[in-house]
Amino acid sequence: MSIVSKPQASGIEAPKRLDLRAAIGGGIFEYAPAPESVRPEIADQYGLFIGGSFVEPASGNHFATINPATEDTLCMVADACASDVDRAVQAARDALPAWAGLSGKDRGKYLFRLARRMQERARELAVLETLDGGKPIKESRDVDIPLAAAHFFYHAGWADKLKYALPGRTPQPIGVCGQIIPWNFPLMMMAWKIAPALACGNTVVLKPAETTSLTALRFAQICQEIGLPKGVVNIVTGAGETGKAMVEHDGIDKIAFTGSTAVGKAIAKTVASTKKKLTLELGGKSANIIFEDASLDQAIEGIIEGIYFNQGHVCCAGSRLFVQESILDRVVDKLTDRMSTLRVGDPMDKNTDVGAINSKEQLGSIEKYLSTGENEGAVKHDVCQSTLPDKGYWCKPCFYTGVQPSHTIAREEIFGPVLAVMSFRTPDEAISRANNSPYGLAAGVWTDKGSKIFDVAKKLDAGIVWLNTYNKFDPTSPFGGYKESGFGREGGRHGLMAYCK
Amino acid sequence: MSERLPIIKTYKLAIGGKFPRSESGRTIEVHDSSQSLVAHVCQGSRKDLRNAVEVASKAQSGWANATAYLRGQVLYRLAEMMEGKRLELANAIGEGGEDEVNAAIDRVVHYAGWTDKYAQVMGGTNPVAGPYHNFTIPFAMGAVGVIAPDEPSLLGLVSLVMPVIAAGNACVVLASEKNPVPAMILSEAIATSDLPGGIINMLSGYRDELMEHFSSHRELIAIHAAGVSDEHRTLLRLGAADNLKRVTVRDDVDFFDEAACEGPDWMDPFIEFKTIWHPSAV
């Protein structure tokens, strides 16, 4: 197949850019399908992982977990009620003295074993993650699973070095940790929670999100496989009621929650009258600021990475784009160009850039924001040219211009592939508008001017600031937000403080 | 010769470097151990608190953006001013006052020295697996509410305030309900130090009246409290459910124990860590 050639000499007309865009995105040059072929074994039904074994829920109730790209049921998952949570907490409590009393070196070795088995079973985990959650296989394969394993590897090494991590303190485990995680990065969020907790000598009861339980249950099998002492990790599946039972349980010493700000506040309220410790990693409406002296092509890639990565189901997504006025038209034009080539569709296809929306409920929520955006007067740019599959939950990536700071789509977290584009004139204006939000999770800044980039970075109220890059994660790099984006950090030396007394 | 008739002072609130009376016009009598009237203090109101938070928020960024060296010198200057008021402070405390004042001044000196060190101890570079320069820096949070314990009224207050402001925050303090006078004398030392107005604002008043307003004020990003009842602790922690306030309540602290009350751990709850990434490949 030939590629579109460059104009050779005057008189030969160059292909128009719009034609090129149509050719790539519109079907002339189709990519051949490149499906991931591994199909991991999935049982018909899963129990709860309590005290080292899979057990049936007290109620006998199970719920279906589906593939959001096909709407097919993958299997049935146990619905844990308060008495199941109680059993899990008891198992964690029983396991605590021995686990906390183990030498740091031996705790570390268990974590190293977990990391190794996760790496060895990475492909299976990646496919499961994509089947259950809808994210593109290339993201599960290249981001979620490797980072999850790396998180265990990193924290394994901390287990016998805690006294160096927290100078002036004699670190002690907090006890039994109740951990509640979201559906956007299921295994990675699980690793962010379990790895530091275990390294510091705590035992855990973890609840995955109800739409994405499968990789956590597969991790439970890995715990069995590597001989992790029984009860150190307990996994209870279920929805909000299960989480509520954990938050209210007296036997839990600490709650770690990642999810929406509304639920985070409700949890804070519930534990206010107790001595439970709390860390919260909540929502965001992060600003991505493009100055006129930025490397534009790189910035465009950063915008794409910032908001369309993982269908925009990212708490730190760069969902508010602030572009310096002088380059607004060029950025909109280039963004339109780039987005027309984004491939939306089968998450199991290795070419897919944007996969399925995680659930019907989430799709409904995003669609509501889409209509609010237009009703409030913003202009929607539907520039994605992919053809969507007939079944499953899909949302074409899009962006809005003509957005006012007061618009709902500029204020609220949409958690979907939707970008609000706004302009600014001076650095001060960009900073004050970026900071004008109750959230403060992340921010991006794009400019080639060194002193400016550090000045702006210093003044942004955000726990993570990506300069000339976006959405990068690493186990050594603390993650967490300012203001209503929560408190506490996950990862790095700082993340350990949340799991030690 | 008849005994001299003493002048009974009314200690005013300290807000934004000024000494206003409570807008409510209310005062509280303060008695010594023999139950004789020694002074009046203002009975701070919700509106006084709101005024104080407003000036604290405005003043905070200037303080945080001052160089760490300057902040250290300013706080050391505060210790110098306290040294000059040692007797007055000790008398206001009563029995054991001198030891408490000494400990309080030493605590100020301790935290004065942290301003240009905690970023190195608590921040750092992170060796990420990729071509990025990645580092974590501590930043101040904003305006912080401080609920001082009843006792030790001066040392407890200083131990709660210093880690907050050494980290670049501003604060609004509710002084000991039992003996607010040392706190109010401290305000006079603060006013004559080089600390910018609005960084330490001092209120006297009743906990039962003011605690809920500390808890619910949305411009207060954190709370540092000690010696509070279970009921007040719950009330403060409910603030976390409102604007995600960072609430730290110190339990059973011996404020005279240096090892227990000094160090960057005490600053940690009033710091936001910012992690910055930049590509380092060409």
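**Entry 1: ground rules**

I number residues from 1 along each chain as its sequence is written, and I letter chains from A and number ligands from 1 in the order in which they are written. Since the model is predicted, local features need pLDDT of at least 70 and side-chain atom pairs count only at pLDDT 80 or more, while totals for chains, interfaces and linings use all residues.

**Entry 2: chain A as a whole**

I began with the secondary structure, and chain A has 17 helices and 20 strands. Helices (H or I, at least four residues) and strands (E, at least two) are DSSP runs, numbered from the N terminus. The radius of gyration of chain A is 23 Å, close to the 23 Å from the globule rule for 501 residues, so chain A is as compact as a globular protein of that length. For the record, that radius is taken over C-alpha atoms, and the rule is 2.2 Å times the number of residues to the power 0.38. I also boxed the C-alpha atoms of chain A along the principal axes and got roughly 80 × 50 × 40 Å.

Next I looked up burial: 55% of the 501 residues of chain A count as buried. A residue is buried if 20 or more other C-beta atoms lie within 10 Å of its own, exposed if 12 or fewer, and partly exposed in between, with C-beta atoms placed from the backbone. Among contacts in chain A with a separation of 6 or more, 72% come from residues 24 or more positions apart. Here, two residues are in contact if their C-beta atoms, placed from the backbone, lie within 7 Å.

**Entry 3: the domains of chain A**

The domain assignment gives domain 1 (45-282) and domain 2 (287-473) of chain A; such bounds come from an automatic or database domain assignment. I find their C-alpha centres 30 Å apart. Across the boundary, 17 residues of domain 1 are in contact with 21 residues of domain 2. On the domain 1 side, helix H4 (122-133) and helix H5 (137-158) of chain A each supply at least two residues. H5(A) gives the most to that side, with 4 residues. I sorted the domain 1 side by residue type and got 6 nonpolar, 6 polar and 5 charged. My classes are Ala, Val, Leu, Ile, Met, Phe, Trp, Tyr, Cys and Pro as nonpolar, Asp, Glu, Lys and Arg as charged, and the others, Gly among them, as polar.

**Entry 4: a sheet in chain A**

I then followed an open sheet of 3 strands, in the order S1-S5-S4 of chain A, with mixed pairing. Strand S1 (45-46) and strand S4 (62-66) of chain A are at the edges with a single partner strand each, so one side of each has no neighbour in the sheet. Two strands pair if DSSP finds at least two bridges between them. S4(A) and strand S5 (residues 73-78) of chain A run antiparallel and are joined by 5 bridges. One pair I noted is A:Ile66 with its bridge partner A:Thr73 in S5(A).

**Entry 5: chain B**

Chain B has 11 helices and 11 strands. Its radius of gyration is 20 Å, close to the 19 Å that the globule rule gives for 282 residues, so chain B is as compact as a globular protein of that length. Of those 282 residues, 51% count as buried.

Chain B also holds an open sheet of 3 strands, ordered S1-S3-S2, and the pairing is mixed. Its edge strands, S1 (9-11) and S2 (27-31) of chain B, each pair on one side only. S1(B) runs parallel to strand S3 (residues 37-42) of chain B, with 3 bridges between them. In that pairing, I see B:Lys9 opposite B:Ala39 in S3(B). H7(B) packs on this sheet, touching S1, S2 and S3 of chain B, and its direction makes about 65 degrees with that of S3(B). For that angle, axes are lines fitted to C-alpha atoms, for helices over the stretch in contact, and angles run from 0 to 180 degrees between N-to-C directions.

Helix H7 (residues 181-191) of chain B has 9 of its 11 residues buried, so it is largely enclosed by the rest of the structure. Among them are B:Met184, B:Ile185 and B:Leu186.

**Entry 6: where A meets B**

Finally, I checked the contact between chains: 30 residues of chain A are in contact with 26 residues of chain B. S18(A) provides the largest share of the chain A side, 4 residues. That side divides into 11 nonpolar, 10 polar and 9 charged residues. S18(A) also runs parallel to strand S11 (residues 271-279) of chain B, joined by 3 bridges. There, A:Val465 has B:Ile276 as its bridge partner.
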